[in-house]
Amino acid sequence: MIAEIGQLALILAFLISIVQTVAGFVGAQRRDPSLMALARAAAWMQLLFVGTAFLALAASFLINDVSVALVAQHSNSAQPLIYKFGATWGNHEGSMLLWVLILAVQGASVAQFGSSLRETLQARVLAVQAVIGVAFLGFSLFTSNPFLRLYPAPADGSELNPLLQDPGLVFHPPILYFGYVGFSAAFAFALAALIEGRVDAAWARWVRPWVLASWICLTLGIAAGSAWAYYTLGWGGWWFWDPVENASLMPWLMGTALLHSALVLEKRGALVSWTILLAIITFSFSLIGTFLVRSGVLTSVHAFALDAKRGVYILGIIGGLTGSALALFAWRAPMMRTGALFAPLSREGGITLNNVFLLAATAAVFLGTFYPVFVDLANGAPVSVGPPYYRITFVPIFVPLLLLVSFGPMLNWKRNSWREVLGRLRWPIVIAGFALLLATMVFGIAWVLTAGALALGVFLIAGAAAVLVRRWKLTSGGGWLRFVRTTPLATYGFVLAHAGLGVTTLGIAAVSAFQADRVLNMLPGQRVALGGKEITLESVLPVEGPNYQATEARFRVVGRWGERVLVSQRRFYRVSQTQTTQAGIGVSLPGNIYVSVGDQNPDGSIVVRMWNHPLVDWIWAGAFMMAFGGMLSLADRRLRVGFAAPALRPSAQGAAV
Amino acid sequence: MKRLVFLVPVALFAAVLLTFAIGLDRDPSRIPSVLVGKPLPAFSLPGVRSRDSGLSSKEFRGEPRLLNVFASWCVSCRVEHPVLLQLKQQGVPIDGLDWKDDAAQGARYLAQNGDPYARAGNDRSGRTGIDLGVTGVPETFVVDGRGIVRYKHVGPIQPEDWTSIIEPLMDRLRTQS
C-alpha cells in the first residue's frame, strides 16, 4: 500500500511538472499573472508529491517491505535501522528519487522567495526547472522505477553493499546531491535570462546565493566522500581520480569559476555572456556526473548500476538540456549588452585569469576521465589512466592558480599597477619565501618541490591574513577594533575560504611527500616503530556484529604525547558474502597513524599494513574552512539585502558601479 | 565573426555528445586487441617482489597462462583482486605485470591484498605496456602454450567473465597443447 501511494505521487509529480513547464513559459510570454501564479503553485505541488514519494520509499525501507523489489535488493531485516534508512538512497533508483526531491525543494524555494524577482523572470526560471523535473521524473518512472513490486515476495532481502554501510552514507550523498542539483537553479536563471535577453547586476545578485549554497554543499560533499573513502576503503588513500570523484570535482571547479565571475557581473557588470555560459556548463557537468555513474560507460568503484538503456536516457537528457541551452546561448548571447571595460591588471582581470585556469583544470580532468571513451573510438577500451596522468596535467595547471589566489583580493577593480599590488603582498611574499628557505634547509635540496608546495600553502594563508591586516588598518594603528566590527561577513568568508585552500595545500603536500608505510605479519605482543611512534599488537579476537562477523585486532600506539588504542576489523558480511576492512585511525593534528588488518594466518599472526599520514586531516579541515567561509558569505547582510533590493533599484547596474 | 565565437560551445558539445553516444554503444570490455592471434611481444622485466627473478615473454611456454596487468594506484584492480585470488586457488597460472608503478609499491599492494601471481614483472616506464597495447589497468591477456595471445580482457574480470569466456577458452587451449 505504501509503495503504491509513492508510485501514484511520483506519477502526479511528473504530470504537475509538465503543467509547470507550460504555465511558466506561456504565462511569461503572455504576461498572464494567473498562469504565472499557477507555475508557482505547481512548484509547491511538485515538492509535496515528490516528498510523498520519497517518504513512501523511506518507509518501505524502514519497515523492510521486501515485496518492493528495491528493498529486497538493498536491505535486510538484520541491517541496522540507520542503514535501512540510508539504503533509501544507497542505490540507483532511490538516489534518483533523492535527486528529484532536491530539485523540487529548489523549485519551491524559487517560488517562495522569488517574489522580489521580475515576475516573468521567476516564471521562466520555474519553467526551466520544471523541464529538468520532467526529464528526471520521467527517467525515474520509465527506466528506474523505485516502487516495482516482487511477486511472490521473498522471505527476506539481500543486503546493502557493505562498503556503503557506514555513517558516511547517511550524509555524503544528500549533501553532494544538494550541490549537484543546486547548480540547476543557476542553469535555470541563465536560461531564463537568455530568453528575456536581459542580464543585470540584480540577476547576478540573485544567482550568487544559489551558486554559493551549491558550492558549499559540493565542497562539504567532496570532502566527506574523500574522508569516507580514506577510512573505509582500508588503504589510506584520500583521492583516487576515480571517474565518479572526478564527476564531482568538475562541477566544483566550474562552480568555483562561476562564483567568481558572478561576483564581477554583480559588482562591475562585466563578463556577462561568460557568466551565463559558466552557469550552463557547471550544471552540464553535474548532469555528466550523473551520466557517468549511471550509464556504465566507465568502470568505477561507485558504479552500482550498469544499464545501457539508462545511459541512453541520461545522454538524451544531457543532449536535450545542455544542447538547447548552448544553442540558445549561441543565438541570444551575442545580442546582450557587453560589459564594462577593464585593464588586464585589475580585479576583473585577475578573476578572468582564475576562470581560465579553472577551465583548463576542468578540461584536464574531463579528458582524463573520458579518455577511455575517446580511445575506445580509435581502438580498444581501456579502463584507467590513473594518477600518473593527473600528476603531469592537473597539478601544473593548479599550482599557478593557487599562486594567483592571494593576488586577487589585493587588486583594485578596473586598473592597478604591479608596484601597488606587490607592495600590498610584501609580507606574505616574505613569509612564504622564508618558509621555502626553511623547508628546503630542513628537508634538503632534493625535497625542494615539496618545500615549494608547503611554501605555497603558507603563502595562501598569509595572503588571506594580509587582507584582514589591510582592512583593519593594523599597520597605521589606532581604532582597529572598530574595523574588526565593520568588516563585512563576506570578507571574513572569502578570507577563510582562501586560507582553507592553503591549509588543504599544506595537507596534500605533506601527506604526498612524507607518508610512510609498513606491511608485515604480526603476532600478538609484537612491537614495531613507525613515524616516531611505537605500535604494539595487543590482541586478535573474533567478534560478532549485527550482520557480520569480524576479526578484531587491537593496537597500542605509544607516542611522544601519550598513548592510545586503535582497533581495526576485518569484516565478513554473511548475506552478500563480502569482506571489508575497518581501519583503526589515530587522529591527531600533526598526522594520523592508520592501521588496517588483512587475513589471519594459520599460525595466529595477522597481516598488518600501517601508515603514518602527516597532516592528512588538514586536507579536510581546509575544505571545511572553505565551506564555512562560504556560509559566512552567504549569511552576509549585503547578500540578503540584495535579495529584496532589486525591485526597488531598477537601475541596479548603475548603483553597483 | 563575433557570432561564430558564440557557436563554439555548442559545436564542442555536439562533438562530445556524439562521442558519448558511440561510446555507449560499445561494450567497455569487449575483445579489441590487434595482438590476438600474434605472439606476445618480447619483453624482459625486473621483478616486483623480493622473490621474483623477473618476468620475460620467453617464459610463456608450455601451458596456457593469464597475464594480468595491474598497478597499486589502480582502483578497478582492487575490485578484480578477489577474483584473481580465487582463480589462483583453482590452480590457474597467472602472471602479473605491474604497470607504470614503483616495484616497492606493487610489492606492498600484493602483500596487503593477497598475491595471486606466480611471477610478476615491473614495467615502471610503461614501455612493455605500450608494446602490449595496454591502454589502462586492469587488463588481462590469455596466452597459449606457444606464447601466442589468444584473448584480451579489458577491465576487471568479473566471475561471469571467467565462467562464460575465459575458462572455456583456457580449457580448449589446454587440450590443444
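Student: What should I know about the model and its numbering before I start?

Tutor: The model is predicted, with local features needing pLDDT of at least 70 and side-chain atom pairs counting only at pLDDT 80 or more, while totals for chains, interfaces and linings use all residues. Residues are numbered from 1 along each chain as its sequence is written, and chains are lettered from A and ligands numbered from 1 in the order in which they are written.

Student: How is a nonpolar core defined, and which residues touch the most other members of the largest one?

Tutor: A nonpolar core is a set of buried Ala, Val, Leu, Ile, Met, Phe, Trp, Tyr and Cys residues joined through C-beta atoms within 7 Å. Buried means that 20 or more other C-beta atoms lie within 10 Å of the residue's own; 12 or fewer makes a residue exposed, anything in between partly exposed, and C-beta atoms are placed from the backbone. Here the largest core has 207 residues, and Ala186(A), Phe189(A), Ile276(A), Ala279(A) and Ile280(A) touch the most other members. Helix 8 (residues 201–232) of chain A gives this core its largest share, 19 residues. A second, separate core has 35 residues, including Phe240(A), Val48(B), Leu110(B) and Phe141(B).

Student: Is Ile276(A) buried or exposed, and what is it in contact with?

Tutor: Ile276(A) is buried, with 30 other C-beta atoms within 10 Å. Its place is in helix 10 (residues 272–295) of chain A; helices (H or I, at least four residues) and strands (E, at least two) are DSSP runs, numbered from the N terminus. Two residues are in contact if their C-beta atoms, placed from the backbone, lie within 7 Å. Leaving aside neighbours within four places in sequence, the contacts of Ile276(A) include Ala190(A), Leu194(A) and Phe329(A). With the same exclusion, Ala279(A) is in contact with residues including Ala186(A), Phe189(A) and Leu258(A).

Student: How do I read the length of a helix?

Tutor: Take 1.5 Å times one less than its number of residues as the expected span. Helix 6 (residues 119–143) of chain A has 25 residues and reaches 36 Å from first C-alpha to last, close to the 36 Å expected. Helix 7 (residues 167–196) of chain A, with 30 residues, reaches 45 Å, close to the 44 Å expected. After helix 7 of chain A comes Gly197(A), whose phi is positive, near 75°.

Student: Why is helix 7 of chain A called largely enclosed?

Tutor: Because 23 of its 30 residues are buried, helix 7 of chain A is largely enclosed by the rest of the structure. Helix 6 of chain A is also largely enclosed, since 19 of its 25 residues are buried.

Student: At what angle do helix 6 and helix 7 of chain A pack?

Tutor: Axes are lines fitted to C-alpha atoms, for helices over the stretch in contact, and angles run from 0 to 180 degrees between N-to-C directions. Helix 6 and helix 7 of chain A pack at about 125°, with their axes 8 Å apart. That makes them oblique: under 35 degrees counts as roughly parallel, over 145 as roughly antiparallel, 65 to 115 as roughly perpendicular and the rest as oblique. Among the residues making the contact are Val128(A) of helix 6 and Phe189(A) of helix 7.

Student: What is the layout of chain B?

Tutor: Chain B has five helices and seven strands, and buried residues make up 44% of its 177 residues.
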